[in-house]
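Trainee: I'm new to this one. Could you pick a single helix and take me through it slowly?

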Amino acid sequence: MSHTRSNHGFYRVTQLFVWCYALIILFPFLWIAMAAFKRQIDILTSSFFFTPVLSNFEELIFSKQSSFFHDLLNSGIIAISSTAIVVLISAMASFTLLRMYVPRWLSVGLFAWAMLFHMLPPITFVSAWFTIFSELNLINTYSGMILAHVTINLPMGLWLMSNFLKEVPRDLYEAAAIDGCSNAATFFRIVLPLIRTGMIATAALIFIFSWSDFTIALNLTAKATQTVPVSIATFAQEFEIKYGQMAAGSLLSTLPALLLIVFGQRYIVKGLLSGSVK
Amino acid sequence: MFKKMTTQPVPDTTGQLKTLLRSLRRYAESDGCWYSISLGPLALILLLLTILPIIWLGWMALHDINWQDGVSHWEYVGLNNVVLFFDNHFYWPGLLNTFIFSISAVSVQMVLGFLMALVVSRSDRKSRLFLTVVFLLPIVLPPIVIGAIWKLMLSYDFGVINDFLGLLGIAPVDWLGNADIALMSVIAVDIWHWTPFVFLLMLAGLESLPQEVYEASSLDVRNAWQEFWYITLPLMQGTILITLLFRMVLSFKVFDEIYLLTGGGPGTATEVVSFSIYRTFFTEDRAGLGAVMSIFTLLVVAALAVFAQLLLKRRKQS
């Protein structure tokens, strides 16, 4: 778009506006990061200058009343296992749906229903899952949470994996099939290595979604399997809001996403774009 | 008895085992096995955890459900829950708020995101990369953290926003506690949260536009405005429409930020459908009524989604 004869001054002004917006995005994150190192009194007087303390983190992680460390572990276990399951199931399913003979009504039906389900507000399903899971004793268990997270993220996984699979040329696995490769062997030895980047992108996004989930965790867990977002919310719900711990917990809970941005920014953008535009 | 066992012919069992293994192997390599392994889990999950729950909700809607010591007691009440649903004081204001929320937040996001993408698409590579990273932040962080951040910043007594207004000599505003502006504050937070997402999609769309068209038209257009109006905008129509519909439907899901920021209050000022369902189901323990709300919400959103799909299809054909 470098070929426009644009008004240079106007362009400068709009550019300035964009950088201001970037600042508006960054500032709140810096503010809560600062709050994490403030004493409650410094937060309540909203001072810009303060002596940083680690008491919020100490209380969060080492205090007997705090279950934050345990919650971090729960979040990790649930997010990692549900991500692995979603990626595996959706990679296999989209390979079969796209590249093998499947009745049209079945493939169209599965994709359409998965997409529609993705659009529906999760709370409507969480309420049904709650009663079903309580009959099956799955409330407040890892299996129940993983099952719920797999279900809610499966449509996105299916959508992303099928977009990435479409980029693999047909000839490659047709050649494999002619050479006498079984379907499973074709998939695991030939297709999987080819869609590795796509799988990483999908896994990064699904992990973020699962790690961030609040609606499901709030209603299907209790103390034993509570995840980080729920514990952040409880700091804000107490009679005297513990802003310092809320900020410290928020800061710690953003670490996985920050790491993914730093090391896998390419994959996340790829996933986001593939998941929405195509 | 032990002796009797040993007199049985031994080699036969290993032979049987071998044929069994062989047939298992043959099955494992067959098409049928692969179909069931690859599609089975997906079909099973969709069937048991998405379709069955909807039927289950329909069944729940006909009952009053009480929990005692972890055991549920179901009492058939017919369509009583539907009657209660039409009289509900939270759901209907919530539905209206959700529409106001979606339409106003998404339209501002679209305009802002598109304009910024237009500007950034002409920037150099380095600043584009930096801006992309910054704009990814709100998208990938847990929404509950976004809620926590703004709860801290919008606080009446010590929020940094009110401090800033104080410096300008403006009296502090009760952003989340005043029923007249609470919904606006929540919409503003959502705009802050999701404009970057629109921006990224638009930027990708702009970057994939064919350069030749711009080169070919450089003699015909008189200024940047004409270029935007006659070339960029028509070419971007598809991306704009898809992003708009996508954001519209997804903004119906809003729950986390509202839960933390206002809890639907004050009164029903920031009530949204997801929150009404949550309240009815989990705090008021009226599962039957909650089920009716869920079904109605599913129908509304499904109708919107199908309508959006039809719109896209018609555009593709024309």
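Mentor: Let's look closely at helix H9 of chain A and then at its surroundings. A few ground rules: residues are numbered from 1 along each chain as its sequence is written, and chains are lettered from A and ligands numbered from 1 in the order in which they are written. The model is predicted, so local features need pLDDT of at least 70 and side-chain atom pairs count only at pLDDT 80 or more, while totals for chains, interfaces and linings use all residues.

H9(A) covers residues 183-194; helices here are DSSP runs of H or I with at least four residues, numbered from the N terminus. Its 12 residues, at 1.5 Å each, should span 16 Å, and the end C-alpha atoms sit 15 Å apart, which agrees. The expected span is 1.5 Å times one less than the number of residues.

Now, what's tucked away? A:Asn183, A:Thr186 and A:Phe187 are buried, meaning that 20 or more other C-beta atoms, placed from the backbone, lie within 10 Å of the residue's own. They cover an arc of only 95° around the axis, so they are on the same side of H9(A); the arc is taken from the directions from the helix axis to the C-beta atoms. An α-helix has 3.6 residues a turn, so residues three or four places apart point the same way.

The cover over those buried residues includes H4 (68-99) and H8 (170-178) of chain A, along with H3 (31-61) of chain B. Stepping back to the two chains, 79 residues of chain A are in contact with 82 residues of chain B, where contact means C-beta atoms, placed from the backbone, within 7 Å. On chain A's side, the largest share, 12 residues, comes from helix H1 (residues 8-35).

Terms used
Helices (H or I, at least four residues) and strands (E, at least two) are DSSP runs, numbered from the N terminus. A residue is buried if 20 or more other C-beta atoms lie within 10 Å of its own, exposed if 12 or fewer, and partly exposed in between; C-beta atoms are placed from the backbone.
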